[in-house]
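Reader: I am new to reading protein structures. Please walk me through this one, feature by feature.

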Amino acid sequence: MNSREQILGKVKAANQKLKGNTALPSDDELLLARSNNTPRSDALVETFCTRWTGVSGLLVRSEEELISFLQSQEATTGFIDPALGLTINKSMFNIDSAYDPGKVDTYQFCITPAIQGIAETGSIVLNDETTPHRLSALAPWIHIAVLTENSIVSGVGDAIACFNNDPSIIFVTGPSKTADIEGILIEGVHGPGKQVCFLI
Amino acid sequence: MRQEMDQFAKDLDRETYEAVRSASKAKVQQRLDALNGDFDNPDALRKLAKQIKKNVRENLGEYLEQAEAAFQKNGATVHWANDSEEANAAVLDIMRRRGATKMVKAKSMVSEETELVSYLEKYDIEAIETDLGEFIVQIDGDHPSHIVTPIIHKNRRQVGRSFEREGLGEYTEDPQTLTTIARKHLRQKYLDADVGFTGANFLIAETGRIVIVTNEGNARFSIAANKTHIVMVGIEKIIPREKDLPVFLSLLARSATGQALTVYTQFISGPKAVDQPGGPEEMHIIFLDNGRTDVLASECAEILACIRCGACMNVCPVYRQTSGHAYRSIYPGPVGAVLSPLLDKSGFAELADLPKASSLCGACQEVCPVDIAIPDLLLRLRNRGKKEGAKKASVNTPGFGLWAMAATQPAVWKTGLKLGHAMNVVPHAVLNANPSARSWQKTRNLPEFKGGEFRKWLKQSSAQKEGKK
């Protein structure tokens, strides 16, 4: 008997002993998981913006705002996913349109798409298919996720219901952080220290 | 002689005691604010989570088979490990086949159970902890004292001294600067490594996804920067369907840190997408037993519902007084008091004193997101300790044999009552000859014996009634 058979054998014997018939919850009962922060469909964008900034997410609504922000951070070297079709003035910045992993610590900012926003928690959703390189959304100090208003869903449950077979779906809820040292909150650990959502 | 945990609490230095207490208090309040602020009826949600986990325990075999099939369909390889040796050997084997010598790992309590890092180091493999707290524990040769916040027992000055000692930078005790130093140092480790290792908070049986819940980005980086991803996960971490997940996601971070969601919630079903240049070409998942099947078959199966949030230890008065290291095991606090003696390789007796380190106040059950009846389980384990004659379970406990005899033989009881009055003139020093009596009287005053009055009264009043007839 190999390990798999041994473990399953013991588990199933224990299952027999438990002899239970506890049901799984119905869809109605599962609605309990929706917090009071879950908005109705007419308040999605507003709620998303409030929640996003509430978790220290930064919000820009136009390319002008985006450029101002980058200038305020003195960030000039970056990567922008060409699929986004942004018209940022290339002469002001030093921009690659193909992500070079060899420059992982040279890029001060990267701009890549988010596929969804979650209003309930102020989260954006990234995946493998639409992220040019996993490190482009993770490694730079400043990451800008481009999100369209009509991809914002109400709650966590709605986002999960949309899952396809992308192997790496990520809910991002603000900049990376830790409170390991004396419970003091520090932003910018291994992931971005400035997490921006460019909402269009 | 004292209970080991009593002695530990007595010897605990003030700095550590203060650090643990203040951090625990803060966490308890954060949890309350998050749950009561965001839900009208958080208890109904906890009961729902409890129900789902009960269904999981009753059908675990089928769910594990379903999960395995789904992961395989998604292109991941599933391994099964009976115990630590098999699990660690599986990791080593995968690394060897991939020609890998360097690992970066995210926080994983099961890997602490199996002592993966020290095993790999014996084979000249570098395995670096990337969670900031675990990294500090690693460079200090220390052990985590809490399952969510591993260095709750340290302060910033200690961390600063450790970083300086390791040559990571000039001494600083500013948490922001310390974190920046760690970011730079670990960034290079991620990029130089060959393998990323993580645990999993949940395993979704229906679709073959693991869920990893973090704040730092270290799990993302460990995986994204490497060509092989190895996961080790306890078999009890199963969630049946994707739609059950929001119940647990809404409870986990709120219970652990007062957040609605942690910064990164990752849903991973296999190696990287074909057109994705970054990330693992191979994903391996090790389903770990390591004593869990025995727990499932025991009277304490309910402890397997635990989702490792840490809320129970934050609220536990015993944990706060003693700190996590007092529990002499990977899992401290109330969950550890049940789980650790059950999982201990050397047998139940080794940690049989842990279930006794409790006043059964029940605070742990009240905050548990899956409503585990921890006090009930502690009582069952106390009973087991007594039945098996586990020495550690009976330190300073008086033998109840004499009392049992007196309570079942009225003549002996009556004699005892008469002798009781004599106790009032016996010097306490004589009573203290018995170690459990001595320990009991350290913090209590023996009251004056006033027994036998009711029987006397009953006799007299019955006689009077008889007389009146």
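**Strands and their partners**

Author: In chain B, strand E6(B) and strand E9 (residues 264-268) run antiparallel and are joined by 5 bridges. Across that pairing, Ile212(B) has Gln266(B) in E9(B) as its bridge partner. Before we go on, note that this is a predicted model, where local features need pLDDT of at least 70, side-chain atom pairs count only at pLDDT 80 or more, and totals for chains, interfaces and linings use all residues. Residues are numbered from 1 along each chain as its sequence is written, chains are lettered from A and ligands numbered from 1 in the order in which they are written, and side-chain values use heavy atoms, with hydrogens and water left out.

Reader: What makes two strands a pair? And what is a strand?

Author: Two strands pair if DSSP finds at least two bridges between them. Helices (H or I, at least four residues) and strands (E, at least two) are DSSP runs, numbered from the N terminus.

Reader: With which sense does strand E5 of chain B pair with E6(B)?

Author: Antiparallel: E5 (residues 202-204) meets E6(B) over 3 bridges. Leu203(B) has Ile210(B) in E6(B) as its bridge partner. The hairpin of E5(B) and E6(B) has 4 residues between the strands, and Gly208(B) there takes a positive phi near 70 degrees.

Reader: Is E6(B) mostly covered or uncovered?

Author: First, the cut-offs. Buried means under 20% relative accessible area, exposed over 50%, and partly exposed in between (1.4 Å probe, protein chains only). Strand E6 (residues 209-214) is mostly covered, with 6 of its 6 residues buried. Both faces are covered. Arg209(B), Val211(B) and Val213(B) lie on one side, Ile210(B), Ile212(B) and Thr214(B) on the other.

Reader: How many residues of E7 in chain B are buried?

Author: 7 of the 7 residues of strand E7 (residues 228-234) are buried, so the strand is largely enclosed by the rest of the structure. Thr228(B), Ile230(B), Met232(B) and Gly234(B) point one way, and His229(B), Val231(B) and Val233(B) the other.

Reader: Which strands run parallel to E7(B)?

Author: Strand E4 (residues 195-198) of chain B is joined to E7(B) by 4 bridges and runs parallel. Phe197(B) stands opposite Ile230(B). Strand E10 (residues 282-288) of chain B is also parallel to E7(B), with 7 bridges. Gly234(B) has Leu288(B) in E10(B) as its bridge partner.

Reader: Are Lys19(A) and Arg308(B) buried or exposed?

Author: Lys19(A) counts as exposed, because its relative accessibility is 73%. Arg308(B) is buried, because its relative accessible area is 11%.
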